[in-house]
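Hello,

Here is the structure for you to look at. My notes on it follow below.

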Amino acid sequence: MTSRPVLEPTAEHPITITPTGKRVVVRINGDVVADTQQALQLQESTYPAVQYIPLKDVTQEVLTRTDTSTYCPYKGEAAYYSVTTGGGTVDDAIWFYDEPYPAVGEIVGHVAFYADKADITFG
């Protein structure tokens, strides 16, 4: 297996993680699947900000871990969950890092939802 690059955030590719500071509610197929006051907002370079939600604040019964994985040289190896609600299954709606790189270590135990697969609102 070839080793993958591990990159640190820089001024040219900054990554910041801050408490969101407000309630975050996530719905899939109209059903609430996550509700938290403890979300973290990760801002990476020029990408849209992402809400990382504590896994404990996600409805566990709707989650099915998939075989999908991707790699980010700044964050590490990502794994995925599909979400099944009364409206059906949305494949790979969530990604997370079991062992994120130290630069983004705060997101361990948190998951993120794809904005095009979930309705993420702030309350």
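Among contacts in the protein between residues at least 6 apart in sequence, what share joins residues at least 24 apart? The share is 52%, where contact means heavy atoms within 4.5 Å.

First, the ground rules. This is a predicted model, in which local features need pLDDT of at least 70 and side-chain atom pairs count only at pLDDT 80 or more, while totals for chains, interfaces and linings use all residues. Residues are numbered from 1 along each chain as its sequence is written, and side-chain values use heavy atoms, with hydrogens and water left out.

**Overall fold**

The protein has zero helices and ten strands. Both kinds of element are DSSP runs, numbered from the N terminus: helices are H or I with at least four residues, strands are E with at least two. From the N terminus on, the order is β-β-β-β-β-β-β-β-β-β. The radius of gyration is 14 Å, close to the 14 Å that the globule rule gives for 123 residues, so the protein is as compact as a globular protein of that length. That radius is taken over C-alpha atoms, and the rule is 2.2 Å times the number of residues to the power 0.38.

The C-alpha trace spans about 40 × 35 × 25 Å along its principal axes. Of the 123 residues, 42% count as buried. Buried means under 20% relative accessible area, exposed means over 50%, and partly exposed is in between (1.4 Å probe, protein chains only). The accessible surface comes to about 6800 Å². Carbon and sulfur atoms hold 52% of that surface. The areas come from the Shrake-Rupley method with a 1.4 Å probe, and for residues only the protein chains shown count as cover.

**The largest pocket**

Rolling a probe the size of a water molecule over the atoms shows where empty space is left. The largest pocket holds about 260 Å³ of space. Its lining has 15 residues, and the closest to its centre are Glu 44, Tyr 47, Val 50, Lys 75 and Trp 95. S4 gives the largest share, three residues.

By class, the lining has eleven nonpolar, two polar and two charged residues. Here Ala, Val, Leu, Ile, Met, Phe, Trp, Tyr, Cys and Pro count as nonpolar, Asp, Glu, Lys and Arg as charged, and the others, Gly among them, as polar.

The pocket terms need spelling out. On a 1 Å grid over the protein atoms alone, a pocket is an open set of points where a 1.4 Å probe fits, with protein on both sides within 12 Å along at least five of seven lines; lining residues have an atom within 4 Å of a point. Grid points are joined across faces, edges and corners, and a volume is the space filled by probe spheres set on the points.

Leu 7 is in the segment before strand S1 (15–19). Leu 7 is partly exposed, at 36% relative accessible area. Leaving out residues up to four places away in sequence, Leu 7 touches Pro 73 and Tyr 74. Its C-alpha atom is 8.9 Å from that of Cys 72, 65 residues apart along the chain.

Pro 14 is also in the segment before S1. Pro 14 is partly exposed, at 34%.

**Two positive phi values**

Asn 29 is not a glycine, yet its phi is positive, near 55 degrees. Asn 29 sits in the loop between strand S2 (24–28) and strand S3 (31–36) and is partly exposed at 40%. Asp 92 is not a glycine either, and its phi is about 50 degrees. Asp 92 lies in strand S8 (residues 88–96) and is buried at 17%.

**Buried or exposed?**

Asp 67, in strand S6, is exposed at 82%. Ile 107, in the loop between S8 and strand S9 (110–113), is buried at 1%. Setting aside neighbours within four places in sequence, Ile 107 is in contact with Ile 17, Leu 42, Tyr 52, Lys 75, Tyr 97 and Pro 100.

Best wishes
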